[in-house]
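This briefing goes with the structure shown below.

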Amino acid sequence: LEIESADVVRLIQQYLKENSLHRTLSTLQEETGISLNTVDSIESFVAEINRGHWDVVLQAIQSLKLPDKTLIDLYEQIVLELIELRELGAARSLLRQTDPMIMLKQQKPERYVHLENLLARSYFDPREAYPEGSSKERRRAAIANALSGEVSVVAPSRLLALLGQSLKWQQHQGLLPPGTTIDLFRGRATVRDIEEEKYPTVLNKTIKFGSKSYPEAAVFSPDGQYLVTGSADGFIEVWNFTTGKIRKDLKYQAQDNFMLMEDSVLCLAFSRDSEMLASGSHDGKIKVWKIVTGQCLRRFERAHAKGVTSLMFSKDNSQILSASYDMTVRIHGLKSGKTLKEFRGHESFVNCAIYLPESHNLLSASSDGSVKLWNTKSTECMSTFKPTLMGGAQGDVTVNSVHVLPKINDQFVVCNKSNTVCVMNTQGQIVRSVSSGKREGGDFVCCALSPRGEWIYCVGEDRVLYCFSTSTGKLEHTIVTHDKDCIGIAHHPHQNLIATFGEDSQLKLWKPV
């Protein structure tokens, strides 16, 4: 579906005309060379010409771009009729001071002199004014015919009507939840921070995948418009999370041309503006996609020697931070397509790496049981933390992920393969911890925070979703999620909506009642 830029200009011109912004309209027509050329009704426009209501006609053609010949014929006829009515002053002004008549003088001097002669006479003779076979009525009809061919009728308020239709369509697609207010200029639903954060209690939708194509990664876009999954078969799919259906409004998906990795997708991450998506796969490759078109913008064929476990865009979207089974953390440049920095020091898989806000530091979490704090400029490891487990024992317990607490930039949540999740600060102190309380089967496999950090959500090996209050540390609610092991969890950026996905080839969406 191609939209002509000239049509966009005409929509704006119509809006300006309808709102009596004539000077702006005239400037826009002049600068773009595109004219509106519309009238409210061709029938009434033609009728006004045939009746000789020239004041109305001149008003109507003010904003029209008409051929010189048509304008000359029109003005010549008006001068003739003013002479007939003995409105000699008006006829003289029109003849000597208007552009079409000055053009006539230059191009057809004999016709111009004829009008000057008629003006000088003390009487009006139609036989002198109109050549043989012509008459006032016939001349009017010919002008009406010529002018009507230059104009068209367009329904009023087209710009507002189209915007209204597009919003309705977005609502129908589930992109604008009912009752959402839209910031039309920024093109997104205004985020309502006032919505109280609540833990989920009911299953809202289930998305089913093929047995060999279960999702290994899922992420919501920061603007809340997209839910994307990456599967074991390499397919990356964009979903309408309201209906649980594939997004067919994206042309490439409607044509079954999906974003695709050569090996299973292990991680996904969006740029801050929600326009780019990065995907990391089991064979160590990273691809960056344009989400609207599905086009691959950049490939990092040898981003890592082994599977890519975690991805994150830098604040300005110019770099990508990645972690891998090859025990390294790396930063890659989107412009250069090269690896810019490497962070070495972990003794096992690195499962997660994140930038710390408002600083030049990053955190990494590893299966060697440690969380490391790095300086992004020097790549130096500044600190190594080993989160203490319940009962005071320290050990090489796999750290699954780290998550910065919103609004408290120096505190982060550490989820490791135990029954306890702790909140730490960048000095390595444990601020608080929460536990499933289970001795067996309660070890956590994945974790997510609510957008404002009021809730910590963890899924255990027992496939149970645990909902903890961050402020009290209290376990408020539990839900059994999947029939087989849960792989991961994702939270919508500004709705009380959680996605969990597992080896049962299902992605489930949970929300409060």
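Ile207 is found in strand E3 (residues 202–208); helices (H or I, at least four residues) and strands (E, at least two) are DSSP runs, numbered from the N terminus. This is a predicted model, in which local features need pLDDT of at least 70 and side-chain atom pairs count only at pLDDT 80 or more, while totals for chains, interfaces and linings use all residues. Residues are numbered from 1 along each chain as its sequence is written, and side-chain values use heavy atoms, with hydrogens and water left out.

**Ile207**
- Ile207 counts as buried because its relative accessibility is 2%; buried means under 20% relative accessible area, exposed over 50%, and partly exposed in between (1.4 Å probe, protein chains only).
- Leaving aside neighbours within four places in sequence, Ile207 is in contact with Leu227, Trp239, Gly244, Ser505, Gln506, Leu507 and Leu509, where contact means heavy atoms within 4.5 Å.
- Between Ile207 and Val480 there are 17 Å in space, C-alpha to C-alpha, and the two are 273 residues apart in sequence.

**Strands E4 and E5**
- Strand E4 (residues 215–220) is mostly covered, with 5 of its 6 residues buried.
- E4 pairs with strand E5 (residues 227–231) in the antiparallel sense over 5 bridges; two strands pair if DSSP finds at least two bridges between them.
- Opposite Ala218 stands Thr229 in E5.
- The hairpin of E4 and E5 has 6 residues between the strands, and Gly224 takes a positive phi near 80° there.

**Helices H3 and H10**
- Helix H3 (residues 42–51) and helix H10 (residues 136–148) have axes that come within 8 Å and cross at roughly 155°.
- H3 is therefore roughly antiparallel to H10; angles under 35 degrees count as roughly parallel, over 145 as roughly antiparallel, 65 to 115 as roughly perpendicular and the rest as oblique.
- Axes are lines fitted to C-alpha atoms, for helices over the stretch in contact, and angles run from 0 to 180 degrees between N-to-C directions.
- Ile42, Phe45, Val46, Ile49, Asn50 and Arg51 in H3 meet Arg140, Ala141, Ile143, Ala144, Leu147 and Ser148 in H10.

**Positive phi in loops**
- Glu358 is not a glycine, yet has a positive phi of about 55°.
- Glu358 lies in the loop between strand E17 (350–355) and strand E18 (361–366), and counts as exposed at 66% relative accessibility.
- Thr379, also a residue other than glycine, has a positive phi near 65°.
- The loop between strand E19 (371–375) and strand E20 (381–385) holds Thr379, which counts as partly exposed at 26% relative accessibility.
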